[in-house]
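Biologist: Can you take me through this one? Start with whatever I need to know to read the strand pairing.

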Amino acid sequence: MNDMSAAKMNEPLKPADFATDQEVRWCPGCGDYAILKCMQRTLPDLGVTRENTVFVSGIGCSSRFPYYMNTYGFHTIHGRAPAIATGLKLANNDLDVWVVTGDGDGLSIGGNHLMHALRRNVDLKILLFNNKIYGLTKGQYSPTSDVGTRSPSTPDGSLDPSLDPISFALGANAPFVARTVDTAQKHMPIVFTRAHQFKGTAFVEILQNCIVYNDDVWAKVTDKASAPDHQLHLEHGKPMLFGKDNEKGIRFNPATFSLEVVTLGNGVDLEHIQVHDETSLPLAQMVARLGHKEGEPVAMGVIYAAPRGETYTEAVLGRVASAKGRRSLQDIMKAGETWVVE
Amino acid sequence: MSAEIQHLESAVVRFAGDSGDGMQLTGGRFTATTALSGNDLATFPDFPAEIRAPVGTTFGVSAFQINFGAKAIMTVGDRPDVLVAMNPAALKTNLGDLRSGGVLVVDTGTFNPRNLQKAGYDADPIEAGTLKDYQLIEIDISKLTLEAVKDFGLGNKEALRCKNMWTLGLMLWMFSRKREPVTNWLQKKFSKAPTLADANIAALNAGHAFGETAELSATLKRYQIDAVKSEPGLYRTVTGSQAISWGIVAGAELAGLNVMFGSYPITPASPVLHTLSGMKELGVVTFQAEDEIAAVCAALGASYGGALGVTSSSGPGIALKGEAIGLAISTELPLVIINSQRGGPSTGLPTKTEQSDLYQAIYGRNGDAPLPVVATSSPGDCFDAAIEACRLAVKYMTPVMLLTDGFIANAAEPWKIPDLSTYAPFKVQFVTEPGEAGFNPFKRDEKTLARNWAIPGTPGCEHRIGGIEKSFATGHISYDPANHQKMTDTRANKIAGIANDIPAQTIDQGEATGDLLVVGWGSTYGPISEAVRCALAEGLKVSHAHIRYLNPFPANLGDLMKGFKQIMVPEMNHGQLKTVLRDTYLVDAKPFTKVSGQPFKIVEILDGIRAMLGA
Ligand SMILES: Cc1ncc(C[n+]2csc(CCOP(=O)(O)OP(=O)(O)O)c2C)c(N)n1
Ligand code: SF4
Ligand SMILES: [Mg+2]
């Protein structure tokens, strides 16, 4: 061990300890910078070590993330990070493994692997940077792009309906699903922390601005002036209120079997407002869709968290551990029908 | 018994019937008993791709061939001496192979108009007298089986299922084999349904008794094949899939690593997944992934984490793994990829054998992406070949392609159980200290050119790797042109250097120089070997070299070929090794190919040798 790290050994780690000496190569003003800073700020508070932390990513601007984290890191191939991370956990379940992916990486080419990592409940913390565009390949539309998105490959506007990452994750049976946004420097660490504390697959959609190819796709959600009307901050057990003065809320309408926006007053009281319950899957599925209609806020925070006990890797490795050592390879080869040649 | 027992050196028996007739099981049990009697043997299970093809059709025929003898058995035999045909379709599809004068046992109970029509016979071949070239033995096995099991209260369908045991009983009698191993096995298999065990045993005994009675009336002959003289030791039968699985576990143990095996089911590779999934006792972790891409990625992720990542598939799945194998080459992580080859392209012939993925193994990736390729040549050989693949993977920090094929995977042969303590370990030394200048993952061993390996969890050695080109000096991302040249050269040199770390190519049979060198690889070992033996006996100046290391080739291979006037390369593909040999050595290697989904017959290769030598 070199002197520098020996001296540092016993000191608590600082954000700078999680930064590498590599030049960050995102475009100036890219939302990825804010997410990186936030992660470097959050990790020291989580009490983790650099050596036990691994960032695994696919391909895309977002997937450059591991190069800038002074932990272990694996920049893999397009869409396959969840599969590689699953194997890594099967080799060493003690590691803290974060997966960084994009809307194209995770939902287009890698949709299959993401789906299965989510349902298997592998103890991975999956961060999907959603800029609704393929950044690295210079701006083609992605599976999360809104219909009508103009891009080099859709000069007249895209035609195919988009995918909602949160609904996808819930549909894939993920036990933990949350959303945050690159501009929310205070909110992001809370969500990262909750994801890290959760035992099992944790999926976090991070709304991210690509200043070059899809600037302002999230403007309504992030602009100071409009944000209060477009962000719904969820808290378990608390009524779903939003607006500058919390004057609006979300109500369940049994007639339409859906959530609707209401303004408090005129007979609408706090008691009519839906209370967030992280453990309710039907509620989470409805909350996930908020924001798709005009006037609806986008839900932020932990949308769903229902721990499942043992994780996939614990279960697999547990079985191996309890069987291990019963017989040797030599025993196995000698078992069954054998004969001796003198 | 009074009648004479005829002693034979070897015999080839083929059981053929409908998919539902249990021919694979019959063959498997005959094999086990034969192995226990000390014969050498080789088997060839040949079954349809359909799980349950319509009853009685020619494409639903399932066959199992065994060649066994008192001498070393190299192939499954060109032509059966005995053919058991359980229905007209089986007769139709297999009769062509039976040697003239061979024994033909037919279950006449199935030769009804409907089955004959399904098999495409206009007239009953038995009545039409078209089978007079063979020793035809007509038995209504169906009826005799029903009689044998009538006291067990089985339904007609269940009772008829015992037909295969009746037939097996007869064959055990014919070749003077013991019934106990089969009865023990039946008792174990049907321990929860003792009536079924008893019924099957009754059918087995009835078939055996039939032989004895028929012998008295001199309609049936009995044969004896003595034990082969093999090296002393403890033996068992082993299939290629078993041996390769055990070899992987042995290799990982010698490397001091745990196995993490990622796979996705595909014929004929699945038995490896099944075998390893049952080996938790040895710490083997298996992962049935969502597809082949995830399977190889999980294996690579596990290697990154310090396990030995292994993945297995067949051609179509290997195609999907290509990009991730490239990542393993670029990040220089160990990985073993097993390809149980089958007929291609595309879905091709899933249950039939071929060696047509050699190009895919050597060249099948984007970029200059060399990796070592090792081939197995028989079921038992899979064990050592797998150990070699593991050794090269960890010693050179590289993915290794281990080629086997559907024939080897399913075939069984007697195998001397190796003593694991005699294998030299090749323990992996992880880097645990960053060193003065800090940890550089791409610092290399001067001799092997293998990079430093530190695994997550090691304090001070935190580092990032990925598929982008890395600086030779620092391991960081580098787009520098000269650096890419250097790294590409280095990766190529690392793999090329393995030629000095593998055994020199030997001549398997024949002289070191001569008129013709037959160069083979993989499962053609048996037929080439026998064909060359015959050719040598005819006085031809021919030799046989069988290549295990297909990339890089053994260092002496070029010189070795120079000792011969001609070179012939029999392969079950359209001439792939031939092309690689020509490219590497500028030699005039001549192709000799077969892609029918069936292994080479000895005589085919022998004729090829004669033709090349004008003999
Ligand atoms: C197999 C393969 N196909 C295509 C690409 C090209 N490619 C690189 S990144 C990318 C899309 C990335 O989009 P996203 O995941 O949204 O990441 P972003 O750049 O927006 O962060 C594509 C198509 C590739 N690298 N590999
Ligand atoms: S292209 Fe977009 S996503 Fe990529 S670095 Fe630039 S701003 Fe960020
Ligand atoms: Mg994107």
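Modeller: Two strands count as paired if DSSP finds at least two bridges between them. Bear in mind that this is a predicted model.

Biologist: Fine. What order do the strands of the open sheet in chain B have?

Modeller: The order is β19-β18-β21-β22 in chain B, 4 strands with parallel pairing. At the edges are β19 (542-546) and β22 (589-593) of chain B, each pairing on one side only. From one strand to the next, the twist averages 25°.

Biologist: Which helices pack on the sheet?

Modeller: One is α19 (residues 576-585) of chain B, which touches β18 (514-520), β21 and β22 of chain B. Its direction makes about 145° with that of β21(B). Another is α20 (residues 602-612) of chain B, touching β18, β19, β21 and β22 of chain B, at about 155° to the direction of β21(B).

Biologist: And how many bridges join β21(B) to β22(B)?

Modeller: There are 5, and the two strands run parallel. Glu571(B) stands opposite Thr593(B) in β22(B).

Biologist: Switching to the contact between chains. How many residues does it take from chain A and from chain B?

Modeller: It takes 53 residues from chain A and 62 residues from chain B. On the chain A side, α3(A) gives the most, with 8 residues. By class, that side has 23 nonpolar, 19 polar and 11 charged residues.

Biologist: Which strand of chain B is joined to β2(A)?

Modeller: β17 (residues 464-466) of chain B, by 3 bridges, running parallel. Gly73(A) stands opposite Arg464(B) there.

Biologist: Last one: what surrounds ligand 2?

Modeller: Residues of chain A, including Trp26(A), Cys27(A), Cys30(A), Asp32(A) and Tyr213(A). The shell has 8 nonpolar, 2 polar and 1 charged residues.

Technical notes
Residues are numbered from 1 along each chain as its sequence is written. Chains are lettered from A and ligands numbered from 1 in the order in which they are written. This is a predicted model: local features need pLDDT of at least 70, side-chain atom pairs count only at pLDDT 80 or more; totals for chains, interfaces and linings use all residues. Axes are lines fitted to C-alpha atoms, for helices over the stretch in contact, and angles run from 0 to 180 degrees between N-to-C directions. Two residues are in contact if their C-beta atoms, placed from the backbone, lie within 7 Å. A residue is near a molecule or strand if its C-beta atom, placed from the backbone, lies within 6 Å of it. Ala, Val, Leu, Ile, Met, Phe, Trp, Tyr, Cys and Pro count as nonpolar, Asp, Glu, Lys and Arg as charged, and the others, Gly among them, as polar.
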